[in-house]
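Q: I would like to go through this model feature by feature. Please give the general idea each time, then the case at hand.

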Amino acid sequence: MQIRQLKDSATVAKKGSAQSVLPGLIRTNDRFIIACFTTFLLLLDLTAIAIANEPDPQPNPNVNKARARRLQLSDDIENLFLAPPRNRDELLAMQEHTQRLSKAVNPAVVGIRLKNGMGSGVIISEDGFILSAGHVTGRANKQATVLLPDGRTFSATTLGANHRVDAGLLKISSEQIDRDNPLPFIPIGDSDALHHGQWCVAIGHPGGFRKDRQPTVRIGRMLLQGENIIVTDCTLVGGDSGGPLVSAAGEVIGIHSRIGEGIEANLHIPINVFQRDWDRYVKGDVWGGPSPGGPFLGVLEAENRNEAEIGRVVPGGPAAISGMRRGDVVLRFDEKPIENFSQLVSAVAECEPGQVVRLDVRRSTKNLVIEIKIGSFGFNAYN
Amino acid sequence: MLLIGILYSPQRVKGQWKYLKNHPDVHQTFVPIIADVRKGTVQIEADGQQVALGAMVDPAGLVVSKSSELKGDIRCRVFDGKLYPAKVLVRDAKHDVALLHLESTDNRRFIPVRWRNDTDPTVGSWLVTPGISSNPLSIGIVSVNSRTIPHERGFLGVQLTQVAQGPRIEVVFAGSAADVAGLKRNDIVIGLNGDPVHSRREFINQLAKMMPAQEIQLRILRGNREEEATARLGRMEQVDALETRFGVMNSMGGELSLRRADFPKAFAHDSILQPKQCGGPIVDMDGNVAGINIARAGRTCSYALPAGVIHALIDQWKGKPEHQVFFQLPADTQSPVNQSP
């Protein structure tokens, strides 16, 4: 998959002269295409789609039981995590607590491997419910491999997902769970009770799960909080998608979703998004937005609001393969005039993956025509 | 199936800067913690540009830093602003650490850093990176405990075919190490670092053992002439066409160090650093140096070599008569000598 993508992009750059890249000379340690997770703005509020998969209804995770497992947290510690530390004693108290927190939470932060991608997730119940990102789980009823930091491996089935907010659920089937060696799990918190500036911890598997590396722990503060989004300066990267954002109490308050330009733009799904529609997730409903498999062009918006200017071309994506470049301005899409980026978004939305479209593009002073084969969004974005 | 479209667009976060973890309100609490160590921190310039930081390890003006950043005419600025010319005494390629000597004409005794001397800091522990001024450069926590950071291949950036005399270059990727070194299509590689090269396979196997930022000497046959070329191995993502999606994400948030893998032992932390802020000390909450920042490795990750690794290197260097002359402290001294200039 990786090699294939490289071939494709090399072909574009060399106008057909380089048909292959010598495998011996390429760094191949990024073996998986990381679940696509970067910088997407959910521009379209789309009609819900429910894929009627109807798996057996599952019981709710035992939230109360899980609550009992939250870290012993004194008021002093809780207050410490709400503001900048004022002196060395407070730093030491925060440090001691963060060390304990990491030990308590890390075992439940899993790697999730699907057919073509890798992400993270967090186990939230002893019967094996796993929260993750919608773009990691994709559709319902798919098989996934769950990799625990202690070395155990389980198979899981994807359940429901809300692609508008990028939330997804999986479950390890109950018969795999050994009573004598139960699953590690952490409780879920309340994302409506968060404060700006509050310290929190992000854990996940950046770059994908590696068996010689424990989950990676990062600290940061709550910068922005909305109904469907949390922004922190806990740094995230591909592979972290689906991992937990954790409060001082050791409770999951968010799930890693995507990043924006700038190191401070790390976006998480608030945990209450799952609580709100729990039954739908469990039932296997998939709704709310473009699920993997939808049409995909592979460009990022430029700052320019007056024209459909391309800010960045997603490497290996359909636009890149056809030679589209940063700074190109799209003028027409299959003859239809395009005045700004959202019109371009709508035009792509009406396409089918595999369809070939003709774009009239302005590149500096020249106008040119680029033919692009629309791809499909998600793990197979490079196809 | 319903037809749904999506394009990518950057999400920008505006405002709320007062809550950043690297806000001055947070940094001020770390100021007293680095008060001592920043006096043993040096800022290293190469040909007039800041390229790294360093840690003073001996009052005689011995500094350790990140080797692969140190090229050209080197000068070190210390905390009081004075600038000293320096030369590299030893380089350790395995750890990417160099030992420098500051050539002071004023017979100055420098202030060495104070080391942490027990175990490596564990996940969740605060860390602070000082520069030479009183304010910290960045703060963070240990993300992953000390471990081996695996090998990563250096990238030359050519495509080869086998001909009678050896591997022949078919394609040189624009912007790659091979391009910068002036290699051309149809050049035939006949030697690598002084050893003859006979086959494409052999050449590729040799290259696979090398890493980014490593310099290699190539002997090539160009037409009828034999020529020498020096290439500094790079990374695949330096070639626009080979950039991967993960590579793009990983670089969203700042520049990364060229050599950023293949360390026998390092701990990962989440302090946001620039490559030129590596090479210097990283400090624990006792104000002791827990390690040396050795690489900015990704959007989420910086690496530091633990203090113990640096001690072992220093002891090794002290064991060699040609370096012994430079040191003033005996091998087992880890406490600071508070000599003022």
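Q: What percentage of the 383 residues of chain A count as buried?

A: A residue is buried if 20 or more other C-beta atoms lie within 10 Å of its own, exposed if 12 or fewer, and partly exposed in between, with C-beta atoms placed from the backbone. By that count, 53% of the 383 residues of chain A are buried. This is a predicted model, in which local features need pLDDT of at least 70, side-chain atom pairs count only at pLDDT 80 or more, and totals for chains, interfaces and linings use all residues. Residues are numbered from 1 along each chain as its sequence is written, while chains are lettered from A and ligands numbered from 1 in the order in which they are written.

Q: What pLDDT does chain A average, and where does it stay under 50?

A: pLDDT is the predictor's confidence in each residue, from 0 to 100. Chain A averages 79, and 78% of its residues score at least 70. Over residues 1–68 of chain A the pLDDT stays under 50, although the model has 161 contacts beyond four places in sequence for them. Residues 379–383 of chain A are also below 50, with 19 contacts beyond near neighbours in sequence. Where pLDDT is low, the predicted coordinates should not be read in detail.

Q: How many helices and strands are there in chain A?

A: Helices (H or I, at least four residues) and strands (E, at least two) are DSSP runs, numbered from the N terminus. Chain A has nine helices and 20 strands.

Q: Which residues of helix α9 of chain A are buried?

A: In α9(A), residues 341–349, the buried ones are A:Phe341, A:Leu344, A:Val345, A:Ala347 and A:Val348. They lie on the same side of α9(A) because they cover an arc of only 165° around the axis, the arc being that of the directions from the helix axis to the C-beta atoms.

Q: Which residues have the most contacts inside the largest nonpolar core?

A: A nonpolar core is a set of buried Ala, Val, Leu, Ile, Met, Phe, Trp, Tyr and Cys residues joined through C-beta atoms within 7 Å. In soluble globular proteins, nonpolar side chains tend to be buried together. The largest core here has 137 residues, and A:Ile130, B:Val63 and B:Tyr303 have the most contacts inside it. A second, separate core has 25 residues, including A:Leu297, A:Phe333, A:Ala347 and A:Val361.

Q: What does A:Cys200 touch, leaving out residues up to four places away in sequence?

A: Two residues are in contact if their C-beta atoms, placed from the backbone, lie within 7 Å. A:Cys200, in strand β7 (residues 199–204) of chain A, touches A:Gly220, A:Met222, A:Thr232, A:Cys234, A:Leu245, A:Val246, A:Ser247 and A:Ile253. A:Cys200 and A:Leu245 are 45 residues apart in sequence but 6.9 Å apart in space, C-alpha to C-alpha. A:Cys200 counts as buried because 23 other C-beta atoms lie within 10 Å.

Q: In which sense do β10 and β11 of chain B pair?

A: Two strands pair if DSSP finds at least two bridges between them. β10(B), residues 158–163, and β11(B) pair in the antiparallel sense over six bridges. The two strands form a hairpin with two residues between them, and B:Gln162 stands opposite B:Pro167 in β11(B). Six of the seven residues of β11(B), residues 166–172, are buried.
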